[in-house]
Amino acid sequence: MRVLFFGTPDIAVPTLRALCDSEHEVCGVVTQPDKRQGRKMELKFPAVKEFALSRELPVYQPERLKDGALNPILEKLRPDLLVVIAYGRILPDDVLNFAPYGAINLHASLLPKYRGAGPIQWAVINGERETGVTVMQMDSGLDTGDMLYTVSTPIGEEETAGELFERMAPLCAEALLTALPKIERRELTPKKQEESLASYAPMLSKEMAKLDFSDAERCHNQIRGMNPWPVAYTFYRGKKLKVFAARTGCTSSIAPDRQGYAIGTPEGISVRCGKGILLLTEVQLEGGKRMDASAFLMGHPMDCAEELR
């Protein structure tokens, strides 16, 4: 099939690579416009664009999608199918309905759970033990289309969102290449999503990352789900203390009596939560380097209980 690919960040690259290496023809790539990033505000290509140029694929970066902006591209390329993964914009109906096989989206969750921009992170934050990829026939809603094919994968008890991202990227490619021949032969039966089971996974923000120490297990999941961005944090002696890793079920029984108070132990920083004990094992103090909690305690002893705000 002639495929027009829509995608933007790193997670979409393995799927585009797999398509390029398959028997299908990638007739073009649509990605978001270049953005200025970093302290020097240098113009940076999206990851998908960088890969597409390395394969000498035509790249299109429309500023807008409404009012038929994509129609000249579609008329020129005449794709059989649109494949979308993490493009970052909702496609209008005239685009969705242009190709004979329509448009399919690879969504990194087991729909209808975790519709939206942050399905991987929220699956970790909410303590899910399983997630997956859904190949979905797109409609005008936000991840509401009929499901065509799914593949699942377990989530490790200590796995971070960043680690899961790395595993999900090739899983998306695998799901697509399995589904495409079946789509072409129209062998897949579309399945409606159960609206009563739907949940929304919004994009993360820095404001969501502050730890409240009400529940050790919940904090542990929050820390995993916020790694590598925006990174969970608390405040220690008036400075922001980022927390990259922690664990529960600590072997040490050393912990203060009051919620939100911490003390240094041989294993790390032991924090009393409203429910359970949380052991911080990898931290970074504002203005300092990321390090194991044991190394942090050498320079910042916590021999007595101190409040983390």
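The model is predicted: local features need pLDDT of at least 70, side-chain atom pairs count only at pLDDT 80 or more, and totals for chains, interfaces and linings use all residues. Residues are numbered from 1 along each chain as its sequence is written, and side-chain values use heavy atoms, with hydrogens and water left out.

**Largest pocket**
- The largest pocket has a volume of about 1,600 Å³, a volume being the space filled by probe spheres set on grid points joined across faces, edges and corners.
- A pocket is an open set of points on a 1 Å grid over the protein atoms alone, where a 1.4 Å probe fits, with protein on both sides within 12 Å along at least five of seven lines; lining residues have an atom within 4 Å of a point.
- Its lining has 49 residues, and Pro9, Ala86, Gly88, Ala117 and Met203 lie nearest the centre of the pocket.
- Elements giving two or more residues to this lining include strand S3 (35-37), helix H2 (47-54) and helix H5 (119-125); helices (H or I, at least four residues) and strands (E, at least two) are DSSP runs, numbered from the N terminus.

**Loop between H6 and H7**
- Tyr200 lies in the loop between helix H6 (161-184) and helix H7 (216-225), and Ala209 is also placed in the loop between H6 and H7.
- Tyr200 is exposed, with a relative accessible area of 53%, whereas Ala209 is buried at 1% (buried is under 20%, exposed over 50%, partly exposed in between, with a 1.4 Å probe and protein chains only).
- The C-alpha atoms of Ala209 and Leu171 are separated by 28 Å, with the two residues 38 apart along the chain.
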